[in-house]
Amino acid sequence: MAFQPSSKIGLFIDGANLHAVSKALGFDIDFGRLLREFQYLGSTLRAFYYTTISEEANRSIGPLIGWLNYNGYTVVTKPAKEFAYANGRRKIKGDMNVELAVHAMALAKQFDEMVLFSGDGDLRPLVEAVQRLGVRVSVVSTITTHPAMIADELRRQADEFIDLAALRHKCGRNTAERSAAVGRDADPT
């Protein structure tokens, strides 16, 4: 990662996307270590975590949201929407791209560097717009899975692509360690 020590950094985390990528790579994110890593690289001004919540998911993600709120993250949530089809099938949908984009654009002039944790190609226009404001954008996802979990157009638009697999030793925790920690009622980081 190529950050200047004096860089003002903003982290924007698409929670659902990061969760899917880390699971595909076989590890959980230690959000405390993640934040410390970027604080070490520059002056991390803000760290945002975006996620939708549903009643079912709230039991599993609630402790993480609480921990993030108390440990340096700004958590942005909204309720997931449930759709019922005529055949009785249900679909739960949740997308935080608009909220993430609005915050990123509103705050872009405060940052030298934006780190976007997402592989969603719908965010490519956001990256381009933030770059036009003079902000350098790094995108974190992975190309080591088959298929890759980042849209090619987003990876190409970024000033730097960081494969989450390369950050595993800096911000990851093995899923076996996570299971043991949950069994001991440890904090959810």
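Buried means under 20% relative accessible area, exposed over 50%, and partly exposed in between (1.4 Å probe, protein chains only). At 5% relative accessibility, Glu113 therefore counts as buried. This is a predicted model, in which local features need pLDDT of at least 70 and side-chain atom pairs count only at pLDDT 80 or more, while totals for chains, interfaces and linings use all residues. Residues are numbered from 1 along each chain as its sequence is written, and side-chain values use heavy atoms, with hydrogens and water left out.

**Sheet**

- Six strands form an open sheet with parallel pairing, in the order β4-β3-β1-β7-β8-β9. Strands here are DSSP runs of E with at least two residues, helices are runs of H or I with at least four residues, and both are numbered from the N terminus. Two strands pair if DSSP finds at least two bridges between them.
- β4 (74–79) and β9 each have a single partner strand and stand at the edges, so one side of each is left without a neighbour in the sheet.
- On average, neighbouring strands of this sheet are turned by 20 degrees against each other, direction ignored. Axes are lines fitted to C-alpha atoms, for helices over the stretch in contact, and angles run from 0 to 180 degrees between N-to-C directions.
- Strands of a sheet pair through backbone hydrogen bonds, either parallel or antiparallel.

**Strand β7**

- Strand β7 (residues 113–117) is largely enclosed by the rest of the structure, because five of its five residues are buried.
- Glu113, Val115 and Phe117 point one way from β7, Met114 and Leu116 point the other way, and all are buried.
- Strand β1 (residues 8–14) runs parallel to β7 and is joined to it by five bridges. Phe12 has Leu116 as its bridge partner in β7, and Ile9 has Glu113.
- Strand β8 (residues 136–141) also pairs with β7 in the parallel sense, over five bridges. In β8, Arg136 is the bridge partner of Glu113.

**Helices against the sheet**

- Helix α4 (residues 97–107) packs on the sheet and touches β1, β3, β4 and β7, its direction making about 170 degrees with that of β1. Contact means heavy atoms within 4.5 Å.
- β7, helix α5 (residues 124–132) and β8 make a right-handed β-α-β unit. A crossover is right-handed if, with the strands pointing away from the viewer, the path from the first strand over the helix to the second runs clockwise.
- Helix α5 lies across β7 and β8, at about 155 degrees to β8.

**Salt bridges**

- The structure holds nine salt bridges, each defined as a side-chain nitrogen of Lys or Arg within 4 Å of a carboxyl oxygen of Asp or Glu.
- Arg136 forms a salt bridge with Glu113, with the closest N and O atoms 3.1 Å apart. The pair links distant parts of the chain, Arg136 in strand β8 and Glu113 in strand β7, 23 residues apart.
- Arg136 also meets Glu160 in a salt bridge (3.5 Å, N to O). This pair links strand β8 with strand β9 (residues 160–163), 24 residues apart.
- Arg136 is partly exposed at 25% relative accessibility, whereas Glu160 is buried with a relative accessible area of 15%.
- Arg132 forms a salt bridge with Glu128, the closest N and O atoms being 3.9 Å apart. Both residues lie in helix α5, four residues apart, about one turn of the helix. Arg132 is exposed, with a relative accessible area of 62%, and Glu128 is partly exposed at 30%.

**Aromatic pairs**

- Rings of Phe, Tyr and Trp (its six-membered ring) pair if their centres lie within 6.5 Å; planes under 30 degrees apart count as stacked, over 60 as edge-to-face and the rest as tilted. By this rule the count comes to six aromatic pairs.
- The rings of Phe31 and Tyr49 have centres 5.6 Å apart and planes at 90 degrees, so the pair is edge-to-face. Phe31 lies in helix α2 (residues 31–41) and Tyr49 in strand β3 (residues 43–53), so the pair ties together parts that are 18 residues apart in sequence. Phe31 counts as buried at 6% relative accessibility, and Tyr49 counts as buried at 4%.
- Phe48 and Tyr50 form a stacked pair, 5.9 Å centre to centre with 25 degrees between the planes. Both Phe48 and Tyr50 are buried.
- Phe12, Phe48, Tyr50 and Phe111 form one aromatic cluster.
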